[in-house]
Amino acid sequence: MRPLDVLRLPLDALALASGAKSFVRNPVIGSRRLNEWGLHPRRVALAERMAAARRARMAHLIPAEDRDAFSRDGFVVKTDFLPADLFAQAVAEAHAHVAAPREMRQGPAVTRRIHLDRVDADRLPACVAAAHDPRFDALMRYVSSHDVASLRQLQIVIADPDRGAVDPQTALHLDTFHANAKAWLFLQDVGPDDGPFAYVPGSHIIDAPRLAWEQEQALKACDDGKSYHARGSFRATADDLARLGLPPPRVMTVKANTLVVADTHGFHARTPSPKPTLRMEIYATSRRNPFSPGIGLDYMALPWVRERPGRLLDAALDQAVRLGLVSNSWPRVAPRRMDSPDVG
Ligand SMILES: [Fe+2]
């Protein structure tokens, strides 16, 4: 251990009380000794209890049928979500909008995003209205287990199998060790060859066999060097699902105007696409401190921040890149129509 690492140890230990998940970047989280003593499954179990307590206080936010679907499956699917006229307007706006987006490449897939903050309503009124629909917001709060605003974006996934390499999102995985929410309001039909989202129903449930599996994966992650697994995004195999008594993933082929909200600490993946595809969706994400009692201030609800959280995060990210604190994995690219197949 280098002298700097020793000085950082108190901070690394404090990070145990946060959503920090990397077994590589944090020597406390990645300590083989502590993990032999069960550090990781203890964090998972405590985070789960905290999430259940927060959700219990938010039961009134969503209909009983959605609560039942979520507790059974780990996701909620709402078809014909928006009124038809608002949906049609959102689709037209999303396609024709010209902006300088951020893009990220993962193997054959490029993900393009722009924010849908309230201040963007002058140029994208229907998309912003859809992203801020109160039913959408309530589902995000309940599924993420945090009664806070989520980040909303217009997302375009452009996949081309000819670009080669493997898309890491197509391996069945969990995003992190605790409850959080991601949502997609699909702006077109998604068929079996369009790279649909897949989720293993019930894989968000943390029971004794799952905690034993988490313990095994944590020890593997301690010995691993650099994979997604070692960064705390554990991969699951078909054998793992069988051993945990879980069904195969459900592939979500959906009609346009379907909203899917999922807790991505359950097992999920993007199904590989055998042909070039371009998919558009209104996307939301919410991931907060898993050990929060849920009674603190929501910084995204502060009056000025509330109107522009995406822009503020963008500015912070740009500054962090300039200072060399983070790598620029989401570079901004030249202005283009959002439905342009040209990437980079
Ligand atoms: Fe994921």
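Me: Which residues of E6 are buried on one side, and which on the other?

Reply: This is a predicted model, to start with. Ala 181, Ala 183 and Leu 185 are buried on one side of E6. Lys 182, Trp 184 and Phe 186 are buried on the other, and both faces are covered.

Me: How many residues of strand E6 are buried in total?

Reply: 6 of the 6, over residues 181–186. So the strand is largely enclosed by the rest of the structure.

Me: What does E6 pair with, and in which sense?

Reply: E11 pairs with E6 in the antiparallel sense over 6 bridges. In that pairing, Ser 286 of E11 stands opposite Ala 181. E6 also runs antiparallel to strand E9 (residues 259–262), with 4 bridges joining them. There, Val 261 is the bridge partner of Ala 183.

Me: What's the strand order in the sheet?

Reply: E1-E9-E6-E11-E5-E4-E3. That is an open sheet of 7 strands, with antiparallel pairing.

Me: Which strands stand at the edges?

Reply: Strand E1 (75–78) and strand E3 (102–106). Each has a single partner strand, so one side of each is left without a neighbour in the sheet.

Me: How many degrees are neighbouring strands turned against each other?

Reply: 20° on average, direction ignored.

Me: Which helix packs on the sheet?

Reply: H7 does, touching E1, E6, E9 and E11. The direction of H7 makes about 150° with that of E6.

Me: And E4 with E5, how many bridges?

Reply: 7, in the antiparallel sense, between residues 109–115 and residues 151–159. Ala 109 has Ala 159 in E5 as its bridge partner.

Me: New topic. What span should helix H3 have, and what do its ends give?

Reply: H3 has 18 residues (39–56), so at 1.5 Å a residue it should span 26 Å. The end C-alpha atoms are 26 Å apart, which agrees.

Me: What do its buried residues pack against?

Reply: Helix H2 (32–36), helix H7 (134–144) and helix H8 (208–223). The buried residues of H3 include Leu 39, Ala 47, Ala 51 and Arg 55.

Me: Last one: Pro 290. Where does it lie, and is it buried or exposed?

Reply: Pro 290 is in the loop between strand E11 (277–286) and helix H10 (303–307). It counts as buried, because 25 C-beta neighbours sit inside 10 Å.

Me: What is Pro 290 in contact with, leaving aside neighbours within four places in sequence?

Reply: Gly 19, Ala 47, Met 50, Ala 51, His 178 and Ala 179. Ala 47 and Ala 51 are also among the buried residues of H3.

Methods:
Residues are numbered from 1 along each chain as its sequence is written. This is a predicted model: local features need pLDDT of at least 70, side-chain atom pairs count only at pLDDT 80 or more; totals for chains, interfaces and linings use all residues. Helices (H or I, at least four residues) and strands (E, at least two) are DSSP runs, numbered from the N terminus. The expected span of a helix is 1.5 Å times one less than its number of residues. A residue is buried if 20 or more other C-beta atoms lie within 10 Å of its own, exposed if 12 or fewer, and partly exposed in between; C-beta atoms are placed from the backbone. Two residues are in contact if their C-beta atoms, placed from the backbone, lie within 7 Å. Two strands pair if DSSP finds at least two bridges between them. Axes are lines fitted to C-alpha atoms, for helices over the stretch in contact, and angles run from 0 to 180 degrees between N-to-C directions.
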